[in-house]
Amino acid sequence: PSEHKFPTPHLIPLKATMAVSPILLLLAIFSLIYGNGILPIEATHHVYRNLQTLSSDSSDQPYRTAYHFQPPKNWINDPNGPMRYKGLYHLFYQYNPKGAVWGNIVWAHSVSKDLVNWTPLDHAIYPSQPSDINGCWSGSATILPGGKPAILYTGIDPNNHQVQNLALPKNMSDPLLREWVKSPKNPLMAPTSANMINSSSFRDPTTAWLGKDGYWRVLIGSKIHTRGMAILYKSKNFVNWVQAKQPLHSAEGTGMWECPDFYPVLNNKPSSTIGLDTSVNGDNVRHVLKVSLDDKKHDHYLIGTYDIAKDIFTPDNGFEDSQTVLRYDYGKYYASKTIFEDGKNRRVLLGWVNESSSVSDDIKKGWAGIHTIPRAIWLHKSGKQLVQWPVVELESLRVNPVHWPTKVVKGGEMLQVTGVTAAQADVEISFDVNEFGKGEVLDQWVDPQILCSRKGAAVKGGLGPFGLLVFASRGLQEYTAVFFRIFRYQNKNLVLMCSDQSRSSLNKDNDMTTYGTFVDMDPLHEKLSLRTLIDHSVVESFGGEGRACITARVYPTIAINEKAQLYAFNNGTAAVKITRLSAWSMEKAKIN
């Protein structure tokens, strides 16, 4: 590796010196522009009618990903109805066939043998009957007895009411499930004056689960005023559904609950990565209720107990305590859905990542939206949170490995990682820290995202920041920093993980919000580990062996393709030791 000091003024071209230094002055300017670094995110269903058919066919596509799921062009959002059938993974997704903005939504369809390479098929579900004539929105798949798949999805009817519909395969012997037949009894669930359901906030049915009483149960996301809720329905035959007397769970002040997901996890010590079928309950089983909060555009989850007799979910910690409500991902990540894969005894998580570029830039490039790498997900041995890790199949794309021996990184030092394609890579790095006395003291609890925006990679600290600079330009005019910083809080070590996009691009039309979270671990007894997936315009990071995940979208103007560079860095006063660094170039997957 080549070694130099942070922020390496001797590497900065003469013309760029004023643009790069002094760093603190630039950060002050950024803070004036971006406040706390937290920008509002546009609503999922904002329709740009005048932009529907404007798409670019430009071959200059530095931001298209190489191994993340996306269609060749146009808008994509929520993953829908993922399942495994006759040896193939099926992924349906919300798609606009007419442009790079939300609208004209259909269920597009792709299949895979390995969750890495995907083949596109014809659209599976599109508006064709009164109960979905104005749109086919999100939903889920359930495997019925005999191995028959069934899809429940939200349709928009002629009154623009949200209703729930059923579709079944036309040909069960077709492993590609190319044709779907909608039930003549649609809609199966609908708002009425009697059930007091908000007709504009009633969507996204979950995978159903089968109770010991022989009744199927399914959740629909909804709200009444500001109280978000998961409305429960029951059915003996999957066609005639009856609303339960009360929601499975609800919470005041949370707003609309989109894309709910409800599933069991194994509560074993030591931690087990084994997943459970959605209908499993019993000893050593906890339940997870995940909801996508429409007001915040984040995926939150609660761990708790499901009373099967009363059909009530009671979380260990509810939405009342905002400090303890967990998220799958503390960056840009939404509308996720899990599937249980019985062949491999694992639960797999799929999620949508919107763009951070402007709508006009999306139109120019002709596409918007990607999905994250599928993640295995399980309950941590503490029982207090979930753990996520990229599915092992992704490692089939790794080539040209680079492995470092143990290295000490002094304060202010940077080490370039050479020998990998820095714009298309998979990097794992672990740090050993000792000088805990140099950790900055945190007098009171601060929102970690705000803390990361105040103390970015360019802000010198005691114990940290240390981590990776990705998509770095040669003169550091651009870089995205993923790093740790250790504080002393209430006489304990507190680990902060940040993804700092404030310097990610010279194009200031992008949302360059900085993201962050605390990692529940003790660095005194555990090495700090970080895995980062780098793919042209996405940085997907896993801290603490998957206890904290942050996904970011970035659009460098200089650090693109072969001009991107990768560094390990330390901008604290205390030295840190890299105990392991392994990096791989990633081959391009065959996606759609």
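Visitor: What percentage of the 592 residues in the protein is buried? Which order do the strands of the open sheet of five have?

Guide: This is a predicted model, in which local features need pLDDT of at least 70 and side-chain atom pairs count only at pLDDT 80 or more, while totals for chains, interfaces and linings use all residues. Residues are numbered from 1 along each chain as its sequence is written, and side-chain values use heavy atoms, without hydrogens and water.

Of the 592 residues, 62% are buried (under 20% relative accessible area, with exposed over 50% and partly exposed in between; 1.4 Å probe, protein chains only). The protein contains four helices and 40 strands, which are DSSP runs numbered from the N terminus (helices H or I, at least four residues; strands E, at least two).

UniProt, in an unreviewed entry, places "domain: Glycosyl hydrolase family 32 N-terminal" at residues 68-390; its positions follow the numbering used here, feature names are shortened, and annotations may be inferred rather than shown by experiment. Over residues 68-390 the chain is 48% strand and 2% helix.

The open sheet has the order E5-E4-E3-E2-E23, with mixed pairing; two strands pair if DSSP finds at least two bridges between them. Strands E5 (119-125) and E23 (367-368) stand at the edges with a single partner strand each, so one side of each has no neighbour in the sheet. Strand E2 (residues 74-85) runs parallel to E23, and two bridges join them. Trp75 has Ala368 of E23 as its bridge partner.
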